[in-house]
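Hi there,

Here is the structure I promised to pass on. Have a look, and my notes follow below.

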2 protein chains.
Amino acid sequence: MNQQFRELCKDKNISPSITRESVYDYLDGNETHPTVDEIYKELKPKLPTLSKTTVYNILKLFTKEDIILEINTREHKKRYELNNEDHAHFTCDMCGQIYDLPKVEVNYNLGGFNGFHIKHEEVNLRGVCKDCRDK
Amino acid sequence: MNQQFRELCKDKNISPSITRESVYDYLDGNETHPTVDEIYKELKPKLPTLSKTTVYNILKLFTKEDIILEINTREHKKRYELNNEDHAHFTCDMCGQIYDLPKVEVNYNLGGFNGFHIKHEEVNLRGVCKDCRDK
DNA sequence: CCTTATATTGTAACTGTTACAATTTTATAA
DNA sequence: TTATAAAATTGTAACAGTTACAATATAAGG
Ligand SMILES: [Mn+2]
Ligand SMILES: [Mn+2]
Ligand SMILES: [Zn+2]
Ligand SMILES: [Zn+2]
């Protein structure tokens, strides 16, 4: 059992079920930004009764609690990652892979938007990755 | 007839059909980042034979030709806008509205990513807008 | 006008997501 | 522990956005 996860749940006031812990553990240390389906397929062998709806439920809960981040891509599906170190993304137009980039500095110029409460900033780059370019 | 659009089509080597022109004109000067459905419903009265598939086709073509930009939101649908002045977006978590922000400066630190060809950079902020905060 | 290419249309299929009621598991307290 | 209530999980069906595709209509070129 993941002690760090149990404390996180205590903080967020949610119960640390085995299913939730499994989703968390899978995302922890995973840099692939998986889809719901990929998470489900990965966990199903270890949790044979797992339902895809449960994965959806957990991801929605984790997102609401800011434990994970939803990544909206131009594919018609969402991807997820742990909300750990702040970083930017580069998405390859050719192969679709999402690369993590070191955090970049963003300077705002928010004239006229000073009543806005900014909770999250996100930088997405798009283009062709090195692998695809070399082909 | 929109002369600017006809020249744009000449540049892109696509034919300036009335349907395409209508989609273009609707997006031009529209700051609401409409969905496919909104575009379709708006144009249908003026083009009674219009099919939603056609709207999809045109938006896909315009996106490929870099005439418009696809905006991927956390809603389960895409939004579109003309690819004119470069700007950032603020999306309100409460009401979902997308606000245009003046362009922000982004400083890259792309150590290890120097084979990458960056075609587009995008800055998305997220939080609560003034209107929703005041309620 | 004729011929060919392109654009548009309607329908059906596909896919990611959500709603919901039933069941199982977990938390709480007697 | 056992009883009770609350919460989590499950399976199914519905839903929504998107895409595939074949048929039709329109446009372009000679
Ligand atoms: Mn990432
Ligand atoms: Mn915009
Ligand atoms: Zn690539
Ligand atoms: Zn708002």
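A question to start with: does A:Glu81 count as buried or exposed? At 6% relative accessibility, A:Glu81 counts as buried (buried is under 20% relative accessible area, exposed over 50%, partly exposed in between, with a 1.4 Å probe and protein chains only). At 25%, A:Asp100 counts as partly exposed.

Some housekeeping: this is a predicted model, with local features needing pLDDT of at least 70, side-chain atom pairs counting only at pLDDT 80 or more, and totals for chains, interfaces and linings using all residues. Residues are numbered from 1 along each chain as its sequence is written, chains are lettered from A and ligands numbered from 1 in the order written, and side-chain values use heavy atoms, leaving out hydrogens and water.

**Manganese site**
A:Glu81 and A:Asp100 both coordinate the manganese ion (ligand 1), along with A:His33, A:His87 and A:His89, at 2.1 to 2.3 Å. Donors are N, O and S atoms within 2.8 Å of the metal (3.2 Å for Na, K and Ca); water is not among the atoms, so sites may look incomplete.

**Zinc site**
In chain B, the zinc ion (ligand 4) is held by the SG atoms of B:Cys92, B:Cys95, B:Cys129 and B:Cys132, at 2.3 to 2.4 Å. Their angles of 104 to 117° make the arrangement tetrahedral (four donors, all angles between 85 and 135 degrees). The donor spacing in sequence is C-x2-C-x33-C-x2-C. Both B:Cys92 and B:Cys129 are buried.

Happy modelling!

Note on methods. Four donors count as tetrahedral if all angles lie between 85 and 135 degrees; four count as square planar and six as octahedral if opposite donors are over 155 degrees apart and all others between 65 and 115; anything else is irregular.
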